[in-house]
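Work through the two exercises below with the structure open. Each task is followed by a solution in steps.

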Amino acid sequence: MRSLTSLPPAVRRLQRAAGGQPLYDTATTRLIEAHALDTAPSPSLMQRAGAALAQLGRAIAPHARQVWLACGAGNNGGDGLQAAAAFQAAGYATSVHWLGDPQRCSSDTHAAWLAAQQAGVRFLDSAPPALDAQDLAVDALLGIGASTRHLPPNDPLVQLLQWLHLCPAPVLCADLPSGLQADTGQYLPGMAFERAPRSPRHTLSFLTLKPGLFTGAGRDAAGEVWWDDLGVDLNQHPDHRPCAQLGGAMALRSRAHASHKGSYDDVAVIGGEGLYLRGMGMGGAAVLAATAALHHGAGRVMLALLDEGACQLLPQQPELMLRQVSALHWDQGVVVCGCGGGQAVAAVLPQALEQAHRLVLDADALNAIATDSALQHLLASRAHIGLHTILTPHPLEAARLLGSDRLQAAHQLSQQTSSTVVLKGSGSIIASPHQLPCINGSGNALLATAGTGDVLAGMVGAAWAQGLPPHTAAQWAVWRHGHLAEQWPAGQALTAGALARCS
């Protein structure tokens with residue numbers, strides 16, 4: 001049995017605690033590859049990629065009796081063919097379904113095909129062999145060379161992707177899960193799947209780490225992400241700049257023993273529209289945000305409810321200080337505005353936008369701004385008068401403000417509003433003007449429940465109240481929010497109320 005520690009140093013398992021790795025888009029990755037091809041000594045990049053795939057495959061499926069590889073017609077398929085030759089030489093029963101043509105492929109891929117033939121790899125033109133949970137399948141169909149054209153369901157490539165998705169054996173993806181867009185984390189037309197893959201997934205990314213592996217559909221598609229730089233020094237060409245970085249564990253600064261509640265700034269939460277006469281109320285969202293701020297380090301937490309005086313109907317949280325909006329000091333502490341604010345929040349937004357020195361805008365506040373050009377102008381002008389803003393939209397709210405792919409949307413929204421933006425979702429993105437965007441690596445599906453976004457807004461406010469810069473405060477809160485979900489006891493439901501009180 002081969003352990004993971006037997007892998008060469010160039011193949012590294014990414015731990016969430018080791019954030020900070022740079023992420024590169026497709027255009028930059030192609031430039032890096034082109035330069036490497038011009039200067040790389042023997043063995044070729046394709047030979048290195050194939051060897052690394054085989055080494056990682058043997059480590060993650062040490063008891064496999066057979067290996068099946070689905071290989072495309074391009075260079076990603078050539079990587080798979082090189083890996084097939086290495087698997088066969090190591091004694092595995094190895095078979096390949098190759099969509100290429102030895103008369104029409106690149107010279108490197110042709111050499112890989114010859115190597116697989118000479119090693120005795122079995123080439124199939126029908127359904128893959130029956131695999132079980134201890135065997136291994138390899139996806140080497142597309143990599144970053146995927147086309148945006150829509151493929152019909154009966155296309156051989158689509159059928160191979162379906163087999164891989166339903167495969168009972170672990171699947172190792174070469175460079176990128178086929179059909180996933182490297183820059184966006186979204187599937188190409190006709191290649192998306194409604195359900196998560198049936199078996200464990202691993203992805204070995206070559207040369208660079210791609211942002212799409214860590215956001216959108218990428219986390220489900222890629223599974224555990226590994227990386228091999230293939231011996232290429234990414235710092236050799238300083239003009240090859242990353243488009244983002246992968247976020248990891250962060251710690252708040254330690255507190256001095258000689259401190260008190262006044263040593264840390266206040267957080268004021270505005271929200272919770274009340275329509276109790278019609279049997280409706282949204283005070284819970286504001287209470288969740290305020291409770292999270294209280295439990296994550298704010299000095300004091302004020303709660304200003306837009307509930308028509310019905311605050312006595314809210315759950316008891318004696319540490320929270322109830323205030324009228326008119327009694328708030330906008331130039332002190334951090335204001336979190338919008339959680340459960342409904343339509344009522346629009347009336348207080350002009351004052352919040354004009355006077356709050358540090359403002360977190362969430363939920364209904366963002367919805368109101370998206371439909372009001374005057375509020376948009378106030379938001380855009382805040383930075384020019386020395387006021388700071390963090391926006392925390394979920395994907396639908398972001399789409400109302402600006403439509404695009406996730407990384408690009410967060411970047412553009414940050415630039416347009418001169419604000420820090422936290423685009424929530426799988427692989428939340430933190431973007432600020434003049435800073436490298438960050439894709440968060442923590443969290444899981446337990447967070448897909450009502451109120452967890454309100455909790456995050458309160459945590460952002462609390463981190464900011466402790467003196468962190470806005471970008472860093474957002475990074476810490478997003479990472480901590482996801483980390484708490486990862487540490488949640490197995491078999492115990494995660495509720496937003498419990499999450500808000502967990503620190």
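Buried means under 20% relative accessible area, exposed over 50%, and partly exposed in between (1.4 Å probe, protein chains only). The model is predicted: local features need pLDDT of at least 70, side-chain atom pairs count only at pLDDT 80 or more, and totals for chains, interfaces and linings use all residues. Residues are numbered from 1 along each chain as its sequence is written, and side-chain values use heavy atoms, with hydrogens and water left out.

**Exercise 1.** Describe the salt bridge of Arg65 with Asp132.

Step 1. A salt bridge is a side-chain nitrogen of Lys or Arg within 4 Å of a carboxyl oxygen of Asp or Glu. For Arg65 and Asp132 the closest N and O atoms are 2.6 Å apart.

Step 2. The partners are 67 residues apart, and the pair links distant parts of the chain.

Step 3. Arg65 has a relative accessible area of 52%, so Arg65 is exposed. Asp132, at 27%, is therefore partly exposed.

**Exercise 2.** Which partner does Asp362 have in a salt bridge, and are the two residues buried or exposed?

Step 1. The partner of Asp362 is Lys424, with the closest N and O atoms 3.2 Å apart.

Step 2. Asp362 lies in strand E17 and Lys424 in the loop between strands E19 (420–423) and E20 (429–431), so the pair ties together parts 62 residues apart in sequence. Strands (E, at least two residues) are DSSP runs, numbered from the N terminus.

Step 3. Asp362 has 1% relative accessibility and counts as buried. Lys424 is buried as well, with a relative accessible area of 11%.

Definitions and conventions. Helices (H or I, at least four residues) and strands (E, at least two) are DSSP runs, numbered from the N terminus.
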